[in-house]
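Please read this note with the model open beside it. Each point takes up one part of the structure.

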Amino acid sequence: MTSPATLRGARARLEEAVALLPGEPASPQSLYDRYEEVAIAILDSEHAGYPSGTLEEYLRTYLHLIAMELGA
């Protein structure tokens, strides 16, 4: 079973990768787009380490929260 700490690690990697992208996003939507692109890359590279659908659902939910916060 995947622990909450393991999923929090995925979130931390997402946040870190977005923060390290060069330049400043021009709008909340462009910041959201960065999150989405990085989340897809994480899902592509790490999905095998999680039970089927778990990482995808976690990242989808987290992206929804980001969108709500940004108003994107």
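1. Basis. This is a predicted model, in which local features need pLDDT of at least 70 and side-chain atom pairs count only at pLDDT 80 or more, while totals for chains, interfaces and linings use all residues. Residues are numbered from 1 along each chain as its sequence is written, and side-chain values use heavy atoms, with hydrogens and water left out.

2. Length of helix 1. Helices are DSSP runs of H or I with at least four residues, numbered from the N terminus. The expected span of a helix is 1.5 Å times one less than its number of residues. For the 17 residues of helix 1 this gives 24 Å, and the end C-alpha atoms are 24 Å apart, which agrees.

3. Buried side of helix 1. Which residues of helix 1 are buried? They are Leu7, Ala10, Leu14 and Val18. These residues cover an arc of only 70° around the axis, so they sit on the same side of helix 1. The arc is taken from the directions that run from the helix axis to the C-beta atoms. Buried stands for under 20% relative accessible area, exposed for over 50%, and partly exposed for what lies in between, using a 1.4 Å probe and protein chains only. The buried residues of helix 1 pack against helix 2 and helix 3, with contact meaning heavy atoms within 4.5 Å. On the face turned away from the buried side, helix 1 carries the exposed residues Glu16, Ala19 and Leu20.

4. Helix 3. This helix covers residues 54-70. From first to last C-alpha, its 17 residues reach 24 Å, close to the 24 Å expected. Its buried residues are Leu55, Leu59, Tyr62, Leu63, Ile66 and Ala67. Seen down the axis of helix 3, they fall within an arc of 145°, so they line one face of the helix. Their cover includes helix 1 (4-20) and helix 2 (28-46). Just after helix 3 comes Gly71, with a positive phi of about 70°.

5. Leu55. This residue of helix 3 counts as buried because its relative accessibility is 2%. Leaving out residues up to four places away in sequence, Leu55 touches Leu7, Ala10, Ile42, Leu43, Glu46, His47 and Tyr50. Leu55 and Ile42 are 13 residues apart along the chain, and their C-alpha atoms are separated by 9.1 Å.

6. How many salt bridges does the structure hold? There are three, a salt bridge being a side-chain nitrogen of Lys or Arg within 4 Å of a carboxyl oxygen of Asp or Glu. One of them joins Glu46 to Arg13, with the closest N and O atoms 2.7 Å apart. This pair links distant parts of the chain, as Glu46 is in helix 2 and Arg13 is in helix 1, 33 residues apart. Arg13 is partly exposed because its relative accessible area is 35%.

7. Glu56 and Arg60 meet in a salt bridge at 2.5 Å, N to O. Both lie in helix 3, four residues apart, about one turn of the helix. An α-helix has 3.6 residues a turn, so residues three or four places apart point the same way. Glu57 and Arg60 also meet in a salt bridge, at 3.9 Å, N to O. Salt bridges that share partners join Glu56, Glu57 and Arg60 into one network. Glu56 counts as partly exposed at 37% relative accessibility, as does Arg60 at 48%. Glu57 is partly exposed as well, with a relative accessible area of 45%.

8. Arg34. This residue is found in helix 2. Is Arg34 buried or exposed? Arg34 is buried, yet has no salt bridge, and the nearest side chain of opposite charge, Glu24, is 6.5 Å away. For charge, Lys and Arg count as positive and Asp and Glu as negative, while His and the chain ends are not counted. The side chain of Arg34 reaches the backbone oxygen of Pro22 at 3.0 Å.

9. His47. Where is His47 found? His47 is in the loop between helix 2 and helix 3. With 47% relative accessibility, His47 counts as partly exposed. Not counting residues up to four places away in sequence, His47 touches Ile42 and Leu55.

Technical notes. Polar contact = N/O pair within 3.5 Å; in protein donor to acceptor, adjacent residues only side chain to side chain.
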